[in-house]
Amino acid sequence: MKRREPEQTAAAITRVRQIYAEVAERRIERNCVRLQTCCHFKLTGRTPFLTRGEALVAAKAMRATGRKRLPEDNDGACPLLERPTGNCLIYLDRPFGCRTHFCTVAGGPYARREVADLIQRLEKVDADLGGNGASALPHALEQALKQIR
Ligand code: SF4
């Protein structure tokens, strides 16, 4: 029988998913055509940072694909980028940075003031989970995978 997440973890996941739903409702115009350039961290020189709640959501979504571990190969791309297809494995649960930090072609990142309230809520979830701020996606995900069933 599949065990349930501890209450605090489950509540954090729900809160983060609500924040993601709200960012989608902001309708700030961008034209992302999923070129996936931003998923190649080595190429862009930028790695998304995840708060603890975001990392739990990403880890849970990754587990739901049947994967237990991050890929071994370190080619400088996001570990959640499916190598054969080039698609994001967890697109519906992708982190906040992946939803708000668009490349120049897509229209550029959201201004902080447009989403500052949502960032504060993510930080609050992080603090409630005992976190001390966001960390780089690979590290944050690795840690969260230890917590997610
Ligand atoms: S989580 Fe998905 S959208 Fe975000 S960088 Fe990784 S592969 Fe790209």
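**Entry 1: the ligand.** I began with the shell around the ligand, which by class has nine nonpolar, no polar and one charged residues. For these classes, Ala, Val, Leu, Ile, Met, Phe, Trp, Tyr, Cys and Pro count as nonpolar, Asp, Glu, Lys and Arg as charged, and the others, Gly among them, as polar. The residues surrounding the ligand are Cys39, Pro48, Cys78, Leu80, Leu81, Cys88, Ile90, Arg94, Pro95 and Cys98. A residue is listed there if its C-beta atom, placed from the backbone, lies within 6 Å of the molecule.

**Entry 2: what I am looking at.** This is a predicted model, where local features need pLDDT of at least 70, side-chain atom pairs count only at pLDDT 80 or more, and totals for chains, interfaces and linings use all residues. Residues are numbered from 1 along each chain as its sequence is written.

**Entry 3: Leu80.** I picked Leu80 from the ligand shell and found its place in the loop between H3 and helix H4 (96-100). Is Leu80 buried or exposed? Leu80 is buried, because 25 other C-beta atoms lie within 10 Å (buried takes 20 or more, exposed 12 or fewer, partly exposed is in between, with C-beta atoms placed from the backbone). Not counting residues up to four places away in sequence, Leu80 touches Ala58, Met62, Cys88, Leu89 and Ile90; contact here has C-beta atoms, placed from the backbone, within 7 Å.

**Entry 4: H3 and H6.** Next I looked up helix H3 (residues 52-64) and helix H6 (residues 137-145), which pack at an angle of about 70° with their axes 8 Å apart. That makes H3 roughly perpendicular to H6 (the word covers angles of 65 to 115 degrees). From H3, Ala55, Leu56, Ala58 and Ala59 meet Ala140, Leu141, Gln143, Ala144 and Leu145 of H6.

**Entry 5: H1 and H3.** Helix H1 (residues 7-25) packs with H3 at an angle of about 95°, and their axes are 9 Å apart. H1 is therefore roughly perpendicular to H3. On the H1 side I listed Thr9, Ala12, Ile13, Arg15, Val16 and Arg17, and on the H3 side Gly53, Glu54, Leu56, Val57 and Lys60. These residues divide into five nonpolar, two polar and four charged.

**Entry 6: His139.** Last, I looked up His139, whose place is in helix H6. His139 is partly exposed, because 13 other C-beta atoms lie within 10 Å. His139 and Leu50 are 89 residues apart in sequence, yet 9.1 Å apart in space, C-alpha to C-alpha.

Definitions and conventions:
Axes fitted to C-alpha atoms, helices over the stretch in contact; angles between N-to-C directions. Helix = DSSP H or I, 4+ residues; strand = E, 2+ residues; numbered from the N terminus. Parallel < 35°, antiparallel > 145°, perpendicular 65-115°, else oblique. Contact = placed C-beta atoms within 7 Å.
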